[in-house]
Amino acid sequence: MEENETEELKASVNAVEFIHGIGSRDLEDCLFADSLVTVSDSGRELGDFSVSVTKASYNEELCYMLHANSHGTIDDIPCGTSIEAYISRNLEILEENHHEYVKLEKQTVDRKVHIVRQDDQLVVNRINSEKEGVKTQTLTFPLSSLKGFVSEASNFLILRILARQKTVPEYMTFQSFDADTVLSKSVYRALGWKKQMIGEELVDIFGIERTVSSAKDSLATWHCYFMPDGHLASRVQLGSPAIMKLLHLPFLLDGVEKDHIPVFEKKPLIWEEDMELYSKFLDRKEELKADYSSYIRQRPELKALMADFLQFLLLRKPQDVFSFARDFFAPFASQSPSGKSLTN
């Protein structure tokens, strides 16, 4: 790569300043889930899209976990994308799994990308499964060369923060990966305000455009519109026949509506037989439930991973479930629970 090309791929000054200016409160305000429906131009439902951000821990480092999921059928072809990532408090990727598939009539095109921070570099493993076979590739990038880098996962956090600030710095440019995992430019631009019907209400929403350039001289552009509190109202990739829309207003994070979340009182139970024995049984049952729930809450990646696996399983309906599970979890086989390779 020529020196002038390397220079062009650097993040803009205002992009780096934007990341450095993100405070803990900005990130705390992004801890919520969005759920949208994918529809065609005619309004027919094609699938669903969801993205959530929660607090997490990675190798004893406090961080944030993002899980995004999109599944549906476009032009009668099942397809989907899943992203699961651990993101540091300064939006650096600690580890990210990105899975895409398209289920054609005679074959399934499957693409998996695993990104992990190891020492002073970012390691990227790609696995592409097509009719010709499985192709694997490993890339490494020095962290010193990734100042102002934004992955697909951290992009969702940046969009939420920008939406809540209701402004986008002019010509804000980050480093990012294109569809072929080639380091490219990612440019954000404000689209301004417009109105959208959500449920039975006409709501003001703020738009942000993100364009990722490609080494093949092509552009991928997304238009996302947000409610004032950062909830996603619509998302579309330009050129796609489908758009993701919010159908019902969520409870707002700011303002009075947050306090109107209904509270359901616990109804008293009525025992008709051996109350003492049944009471002991229930006590033990609650202890176990609390223990299991605590374990799951401390490991949000478990729920996200199993939900993703079940969705793929039900969508593809394989005859050999064991082989399907083995292939699905294969990318994780070389990773220890701490996020490092077992061979290290």
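Tutor: Lys194 lies over the face of Tyr225, 4.2 Å from the ring centre. Bear in mind that this is a predicted model, where local features need pLDDT of at least 70, side-chain atom pairs count only at pLDDT 80 or more, and totals for chains, interfaces and linings use all residues. Residues are numbered from 1 along each chain as its sequence is written, and side-chain values use heavy atoms, with hydrogens and water left out.

Student: What makes a charge sit over a ring?

Tutor: NZ of Lys or CZ of Arg has to be within 6 Å of the ring centre and within 35 degrees of the ring normal. Arg160 also lies over a face, that of Phe32, at 3.9 Å from the ring centre.

Student: How many aromatic pairs does a search of the whole structure find?

Tutor: Twelve. One of them joins Tyr101 and Phe312, with 5.0 Å centre to centre and 80° between the planes.

Student: And why is the pair of Phe328 and Phe329 called edge-to-face?

Tutor: Rings of Phe, Tyr and Trp (its six-membered ring) pair if their centres lie within 6.5 Å; planes under 30 degrees apart are stacked, over 60 edge-to-face, the rest tilted. Here the centres are 5.0 Å apart and the planes at 80°, so the pair is edge-to-face.

Student: Why is Phe328 called buried, and what is Phe329?

Tutor: Buried means under 20% relative accessible area, exposed over 50%, partly exposed in between (1.4 Å probe, protein chains only). Phe328 has 7%, so Phe328 is buried; Phe329 has 28%, so Phe329 is partly exposed.
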